[in-house]
Amino acid sequence: MHFDLSTLLPHLGFLARGAELTAAACALSLVGSVVMGALVAIARTSASALLRRIAFVYVDLFRNVPFIVQLFFFYYGLPELGIYIDAFTTGVVALSIAGGAYASDIIRAGILAIDQGIIDAAEVSGLSRRKIFTRIVLPIALRTSVRPLGSVLINMILTSSILSTITLNELTGSAQIVVSQTYRPFEVYVVLLCAYAALTYLVSLGVTLLHRNLNRDMMEAVD
């Protein structure tokens, strides 16, 4: 077999647009996952038994059902109920909901790890429970959760390849189209492997830098 990447040069722009679509979907899904995760984490740490039960069912359901089944439910199942969503929005919603189940555990762990003395000091200063949670507890929990949330984002980038099954031409979907046009699957998938490796590496590097920047005061205190 003759290895020839030059045959892909006319298609690099198309693959780049697929990569941009992947990046956009994952960025929006990360925001959605953090919002969903924070809400579920709040419910799981609330005094309401009903809220805790609902949150538990949500996490247990979406962590134990294959993502492709969830995706097909939203894209092919909801239209049966008269709910029509385009492929990109469906992908973002599905990734956000699935990612939120994992993010909730991370954020919940961050909430439970906060020193009780910080909360006691805030209560003594006269802050309400709502302000203590929104201004102190949640920001600290999110700051300490940056690195594990980065792992959720990396997993989201890898999982986004499944979005090609609902006709979304993200990176993997674009690669499949190029293969059908060039009949050069080896070269195309070599490029695809490198593209995903580069994306995940850049995200990992960015998360590490962000974690160090946000927690610099803590690391300086330890030193």
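**Salt bridges in the predicted model**

Glu187 is buried, with a relative accessible area of 1% (buried means under 20% relative accessible area, exposed over 50%, and partly exposed in between, with a 1.4 Å probe and protein chains only). Its salt-bridge partner is Arg184, and the closest N and O atoms of this pair are 2.4 Å apart. Arg184 counts as partly exposed, at 23% relative accessibility. A salt bridge here is a side-chain nitrogen of Lys or Arg within 4 Å of a carboxyl oxygen of Asp or Glu.

The structure is a predicted model, in which local features need pLDDT of at least 70, side-chain atom pairs count only at pLDDT 80 or more, and totals for chains, interfaces and linings use all residues. Residues are numbered from 1 along each chain as its sequence is written, and side-chain values use heavy atoms, with hydrogens and water left out.

Side chains of opposite charge can pair when their charged atoms come close. Four salt bridges are found in the structure. Among them, Arg44 pairs with Asp105, with the closest N and O atoms 2.4 Å apart. Arg44 is buried at 18% relative accessibility, whereas Asp105 is partly exposed at 24%.

Another salt bridge joins Arg129 and Glu123, whose closest N and O atoms are 3.8 Å apart. Arg129 is exposed, with a relative accessible area of 69%, while Glu123 is partly exposed at 37% relative accessibility.
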